[in-house]
Amino acid sequence: MTVFSILSLVFVLLLYRRIRLIEDTSPTVLNSAAQGYVELEGKASLYDGEVVRGPHPELPPMLWFRNYAIDSWAGFILGDEKGRCTVDPRGAEIITPLYTYNHHTYNAIYPGEKIYVLGQLHTLKKQRNDFEINNLMLSKLAEWKRNHFNFLHYFDKNKDGKIDDSELETAKQAASRMVDLALEETYQNPATHVVSNPEDGRPYIISSIHPDVLVVRYKRALVFHLATWIILSIYVLAMQVY
């Protein structure tokens, strides 16, 4: 009984930690995500050009699957409105509904399914800070100025043969838009970001169940294990007394 009491307490602590991390970690989008432990939400998809993946030809295509015999640890892509990243599921606690299809019972994540990820984000391609983005804009502006005729053609709106302050501001805004579009393309490359198992031991969670529902499930399990720990602890103390 002592062992079961200790196990219940361990489960209480683990569940409490997961609840706190899910509730305290703010969601982020990929084009502004910082390095480190993050919470992401988006749609899951296969790698570009990949159309078929699954444990059995009778089953629909899947990104990840688990049944009594097979665990899939192949990576896949998560995309939100601002970018895409690669998700490495190795070492993750993956939570999905249990599916039954044509006599097969399994857990799975499907292409196009919305998923929630809590894990370690690594940026493989360096992100730009505001200072660097401004320098890129100025470089683009300088590049345009080198072709004086074209620069006047596009930005000398009053056709007086020179660029005034208002027209220069318009050119800066155009250069800034060009830089933003170029950077947006890098955020759409899933190789820019990779989410994987944290090295510091924090939970790595991938779920096709909404985090609010997940927290409710964890809280119910916490109450159950807490009650079990209290009951077993009282029983163990009573046995020691008698």
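Mentor: Among contacts (heavy atoms within 4.5 Å) in the protein chain between residues at least 6 apart in sequence, 72% join residues at least 24 apart. The model is a predicted one, in which local features need pLDDT of at least 70 and side-chain atom pairs count only at pLDDT 80 or more, while totals for chains, interfaces and linings use all residues. Residues are numbered from 1 along each chain as its sequence is written, and side-chain values use heavy atoms, with hydrogens and water left out.

The chain has five helices and ten strands, taken as DSSP runs numbered from the N terminus (helices H or I, at least four residues; strands E, at least two). Of its 242 residues, 39% are buried, that is, under 20% relative accessible area with a 1.4 Å probe, protein chains only.

The largest nonpolar core contains 20 residues, and Phe 76, Leu 78, Ile 109, Ile 115 and Ile 206 have the most contacts inside it. Such a core is a set of buried Ala, Val, Leu, Ile, Met, Phe, Trp, Tyr and Cys residues joined through side-chain atoms within 4.5 Å. At least two of its residues come from each of strand 1 (36-45), strand 3 (76-80), strand 4 (83-87) and strand 8 (114-123). Leaving aside neighbours within four places in sequence, Ile 115 touches Leu 40, Glu 41, Gly 42, Ala 44, Phe 76, Leu 78, Ile 109, Ile 206, Ser 207 and Ser 208. Another core, of 15 residues, lies apart from this one and includes Leu 15, Tyr 37, Ile 95 and Leu 222.

Key
Buried < 20%, exposed > 50% of the residue type's maximum accessible area, 1.4 Å probe, protein only.
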